[in-house]
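Open the model in your viewer and follow the stops below in order. Each stop says what to select and what is there.

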Amino acid sequence: MSGYQVVAEVRRGDFVESVHHGSVVVLGPDGRTVLSVGEPERVVYPRSSNKPFQALAMLRAGLDLPAELLALACASHSGEDFHVDGVRRVLAGAGLTEADLRCTPGLPIGPDAHAAHLAAGRGPAPLYMNCSGKHAAMLATCVHNGWPTASYLSPDHPLQTRVSDTLAELAGEPIGAVGVDGCGAPLFGISLVGLARAFGRLASAPAGSRRRRVADAMSRHPEWVGGTGRDVTALMRAVPGAVAKDGAEGVYGLGLPDGSAVAVKIADGSSRARPVVLVAALRRLGLAADRADLAALAEIAAVPVLGHGEKVGAVVPAPVLA
């Protein structure tokens, strides 16, 4: 935990029962640091928070999708029917089928979609994995360029080298680590500052640019990026023009149209602390009612602690974020 600081407290009544350590960085429109907590210069794996930049690399390589399907390429989708149908549309447009997907078999992560899937007697499959939109788009990019599809997950595949170059460009720093993500795709590590910088550059992109296409697809179709009841979808609805993406192991990135940005890493990988800390950091940018739905943001940050099924406390930002 060296370098990390307490960023959230779990309060049961007035008693602090647990704490979450992490790092947070907030950048202003000029790229200067507004808030730095913990060790935001440390290289992290952004996990699915990298997806908007993977999609940008695909656009640069010639991928062409309608806005909602481009948002799906950036998604950790809930596996609702429209998400699954969207993945099939991307594959069909490239002359492929779900048999071509190389992502890890999975189940829908949306509670209702998950229950309906099991009730129908279906099991795990790549199509239902939350990263299948990204994988379908990767395959479609390969088909467009005549690149091999069977090896698209190899780090030295032409597609993946373009992803790495694009992420490094927007982050303004070299890739600091390379691994394998949960879905099987190559995973490129950057610092939390670099992640925030990349989101700020994406959200503030000029009209007509490929970066603008990705930003608009996500902010205008947030239900395709997450799904029903997902905080990432609610965030983009609450803050007009915001581009946000959650990632596994407690990561979150968000950029605003003026170029300001936030990036969060919860050290223990907790998802419960993630929206609480992100909203607290976002407030440091001075969002007013004309820039955001403040009531909706408060609801996103309201993570209850339960006792006998009733709310008896909450997960709250640590004083360092006040």
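Start with Asp-181, which is buried, with a relative accessible area of 10% (buried means under 20% relative accessible area, exposed over 50%, partly exposed in between, with a 1.4 Å probe and protein chains only). This is a predicted model, in which local features need pLDDT of at least 70 and side-chain atom pairs count only at pLDDT 80 or more, while totals for chains, interfaces and linings use all residues. Residues are numbered from 1 along each chain as its sequence is written, and side-chain values use heavy atoms, with hydrogens and water left out.

Asp-181 sits in the loop between β5 and β6. Helices (H or I, at least four residues) and strands (E, at least two) are DSSP runs, numbered from the N terminus. Leaving aside neighbours within four places in sequence, Asp-181 is in contact (heavy atoms within 4.5 Å) with Arg-47, Ser-48 and Leu-187.

The three form an open sheet in the order β4-β6-β5, with antiparallel pairing. β4 (43-44) and β5 (177-180) are at the edges with a single partner strand each, so one side of each has no neighbour in the sheet. Two strands pair if DSSP finds at least two bridges between them; β4 and β6 (residues 186-191) are joined by two.

Move on to helix α7 (residues 192-203). Which helices pack against α7, and at what angles? One is α8 (residues 210-220): the two axes come within 8 Å and cross at roughly 95 degrees. Axes are lines fitted to C-alpha atoms, for helices over the stretch in contact, and angles run from 0 to 180 degrees between N-to-C directions. α7 and α8 are therefore roughly perpendicular to each other (65 to 115 degrees; under 35 counts as roughly parallel, over 145 as roughly antiparallel and the rest as oblique). Select Arg-201, Leu-202 and Ala-203 of α7 with Arg-211, Arg-212, Val-214 and Ala-215 of α8 to show the contact.

The other is α6 (residues 158-171), which packs with α7 at an angle of about 90 degrees, the axes being 7 Å apart. For this contact, select Glu-169, Leu-170 and Ala-171 of α6, and Gly-194, Arg-197, Ala-198 and Arg-201 of α7.

Then select helix α1 (residues 51-60), where nine of the 10 residues are buried. Among them are Phe-53, Leu-56 and Met-58. Gly-62 follows α1 and has a positive phi, near 105 degrees.

Finish at strands β2 (residues 15-27) and β3 (residues 33-37), which run antiparallel and are joined by four bridges. Leu-27 has Thr-33 in β3 as its bridge partner. Five residues lie between the strands of this hairpin, where Gly-31 takes a positive phi near 85 degrees. Val-26 lies in β2 and counts as buried, at 0% relative accessibility. Not counting residues up to four places away in sequence, Val-26 touches several residues, including Thr-33, Leu-35, Val-262 and Leu-285.
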